[in-house]
Amino acid sequence: MDSLWRETTTLPQLESLKADLKTDVLIIGGGMAGVLCAYMLEQAGVDYALVEADRICGGVTGDTTAKITAQHGLIYHQMLQRFGEEKTKLYLQANQWAVEEYRRLCRHIKCEFQERENFVYSRYDGEKLEKEMGVLERLGAPARLVNRIPLPISVVGAVGMAGQGQFHPLKFVQGILPGLRIFEKTKVLELKPGEAVTTGGRVRAGKIIIATHFPMLNKHGSYFLKLHQERSYVLALKHAPQIEQMYVDENERGFSARQYGEFLLFGGGGHRTGKQGRGWQPLEIFAHRHWPKAQVAFRWATQDCMTLDGVPYIGRYSRRAGDLYVATGFNKWGMTSSMVAARVLSDLVQERYSPYESLFSPSRSILWPQLAANAAQAVLGLVTPGPRCPHMGCVLKYNRQEHSWDCPCHGSRFDRDGELINGPATDDKRM
């Protein structure tokens, strides 16, 4: 069963590249981040082209729950401890700008944009809520603390942030596509300095942006150590109680919820890609227990790139990669992070100052606890016997819930016959 967004919208088919091309900026990857980069460069009058290996927004953009919020869990108290007040405020400012930019664009696009308050709840840790609220007040965010939420979940409270939003992501993309220079079914086979070899021809470009969810190039940046991927699951329920606002558990293994028309979008069940998970079962058990009249209309799964420190990697691919740029590691908050990435990268490729360059720099410190876990998983994946992922040779694990072969090292996925579903791999699996 496909996602609600794909079942209710058909994006137009775009032409493939059929000849060599020269452009100032090449964007590789046609998800929300890549398309928004193309849109901003188009608005700025920059010569660019975007190539997508399959269909526009055929990957994780079509699997989002499409919340537009600067409240990415209870992160601001943690960020203050890690990065200091200046960078914490910049992160909030960048994502609040993203919310406002979506609001502005959606005034002219029929994509069911609705302003909503977002709530992050905790089931056990009231002190964590109070600390987060204190930091948000200090930063001037429109936040409040409440004691209960309208979900059948026992909580100690929730922190709400007003003025956030939700929408239909593919209808939004449909609205900004006209006039953009995008080539579908154009796979990049090889990257060279200033050039991409594709299935449709060679593209020479002064600057290249890689917006392929998980970066496709291993030569620079050590993204195979700096990122891992996680799966999570969504049910679209009919005949469930309707809710007015958006909700998410501060625990990454908890539940999230938002309304879309008659459907309650209920998500959760997260786990590292390639590790054993229970798929939709926890969501179904909860829904059956608390909303016995509810019916599952749609179900889907999504995949997210997770960084070492909880902040996306947006900017120059690495210190030694020249005019190569990247947007990745959106940590389950792809809508606002995509908009932020488009702004930062459009500034950088035009050689304009960005106040956010240092905050999101992919070359910042990698000395975080998750680095050791990622490295250990990579070593384990290399020494364990079994079918191999062509990305870096890690063993694949069979996912019984989704009938796929998944890589626990870097998150590549393949169907039961071995054909590629998700990168960073670019080829089918090896037996």
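Reply: By class, six nonpolar, four polar and three charged residues make up the lining of the second largest pocket. The model is a predicted one. In total, 13 residues line this pocket, and those nearest its centre are Lys192, Pro193, His220, Ala321 and Leu324. Two elements each give two or more residues to the lining: strand 8 (188-192) and strand 10 (201-210). The space in the second largest pocket comes to about 310 Å³.

Turning to the sheet, four strands form an open sheet in the order 18-19-20-21, and their pairing is antiparallel. Strand 18 (397-399) and strand 21 (420-422) are at the edges; each has a single partner strand, so one side of each has no neighbour in the sheet. On average, neighbouring strands of this sheet are turned by 35 degrees against each other, direction ignored. Within the sheet, three bridges join strand 19 (residues 404-406) to strand 20 (residues 413-415) in the antiparallel sense. In this pairing, serine 404 is opposite aspartate 415 of strand 20.

Alanine 143 belongs to strand 5 (residues 143-146). Neighbours within four places in sequence set aside, alanine 143 is in contact with Met133, Leu136, Val159, Gly160 and Met161. Between alanine 143 and glycine 254 there are 111 residues of sequence separation, and their C-alpha atoms are 22 Å apart in space.

Note on methods. Residues numbered from 1 in each chain as written. Predicted model: local features only at pLDDT ≥ 70, side-chain atom pairs only at ≥ 80, totals over all residues. Heavy atoms only, no water. Pairing = 2+ DSSP bridges. Axes fitted to C-alpha atoms, helices over the stretch in contact; angles between N-to-C directions. Contact = heavy atoms within 4.5 Å. 1 Å grid on protein atoms, 1.4 Å probe; cavity = no way out; pocket = protein on both sides within 12 Å on 5 of 7 lines; lining within 4 Å. Points joined across faces, edges and corners; volume = space filled by probe spheres on them. Nonpolar A, V, L, I, M, F, W, Y, C, P; charged D, E, K, R; others polar.
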